Amino acid sequence: MLIAEAYSAFNRRDIDGALALMSENVSWPTASEGGRVVGKEEIRAYWMRQWKEFDPHVEPVEVIDREGSKTDVKVHQLVKTLSGDVLSDMDVWHVYTIANGLIERMDLRESDPTSHQTPSAAFSKR
């Protein structure tokens, strides 16, 4: 499965493996910096910066395929300092747009997609 492969590659720090699952003009949120990046090389640079500051590990726990090209993924996100102290340990939602078998876009959502709540401004920067 595309999504499971992407998380597995990310957690192994296999940037090339993860980027191979994305379109050339993929749009990605830069949660730790605010804003977005577009394109594989921008994502590579963002992840490299991120991994120099902290150690994130993200495991999918629930996948919901939506109508059209949307997939909602509940993930357990554990973020540690480089020395191993826990910075964040929580579940969050990632929303993917898939096109032609590749990840086209990823967005962040605070709440369960079935709860009909609106995401906070912090997670809806575009």
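Thr71 belongs to strand E4, which spans residues 70-81; helices (H or I, at least four residues) and strands (E, at least two) are DSSP runs numbered from the N terminus. The model is a predicted one, in which local features need pLDDT of at least 70 and side-chain atom pairs count only at pLDDT 80 or more, while totals for chains, interfaces and linings use all residues. Residues are numbered from 1 along each chain as its sequence is written, and side-chain values use heavy atoms, with hydrogens and water left out.

With a relative accessible area of 7%, Thr71 is buried, where buried means under 20% relative accessible area, exposed over 50%, and partly exposed in between, for a 1.4 Å probe and protein chains only. Its side chain makes a polar contact with the side chain of Asp65 at 3.2 Å; a polar contact is a pair of N or O atoms within 3.5 Å, of which, within protein, one must be able to donate a hydrogen and the other to accept it, and residues adjacent in sequence count only if both atoms are side-chain atoms. If neighbours within four places in sequence are set aside, the residues in contact with Thr71 are Ile3, Val63, Ile64, Asp65, His94, Val95, Tyr96 and Ile98, contact meaning heavy atoms within 4.5 Å.

Strand E4 is part of an open sheet of six strands with mixed pairing, in the order E2-E1-E6-E5-E4-E3; two strands pair if DSSP finds at least two bridges between them. At the edges are strand E2 (36-38) and strand E3 (54-65), each of which pairs on one side only. From one strand to the next, the twist averages 20°, with axes taken as lines fitted to C-alpha atoms, for helices over the stretch in contact, and angles running from 0 to 180 degrees between N-to-C directions. Strands E3 and E4 run antiparallel and are joined by eleven bridges; Asp55, for instance, has Lys80 in E4 as its bridge partner. Helix H1 (residues 2-11) packs on the sheet, where it touches E3, E4, strand E5 (86-99) and strand E6 (102-109), and its direction makes about 170° with that of E3. Helix H3 (residues 40-53), in turn, lies across strand E1 (22-29), E2 and E3, and runs at about 45° to E1.

Side chains of opposite charge can pair when their charged atoms come close. A search of the whole structure finds eleven salt bridges, a salt bridge being a side-chain nitrogen of Lys or Arg within 4 Å of a carboxyl oxygen of Asp or Glu. Among them are the following pairs.

| Salt bridge | Closest N to O distance |
|---|---|
| Arg49 and Glu33 | 2.8 Å |
| Arg44 and Glu41 | 3.0 Å |

Arg49 is partly exposed at a relative accessible area of 34%, and Glu33 is partly exposed at 42%. Arg44 and Glu41 are three residues apart in helix H3 and therefore separated by about one helical turn; Arg44 is partly exposed at 25%, whereas Glu41 counts as exposed at 51% relative accessibility. In the remaining pair of the table, Arg66 counts as partly exposed at 33% relative accessibility, while Asp72 counts as buried at 2%. Salt bridges that share partners also join Asp16, Glu41 and Arg44 into one network.
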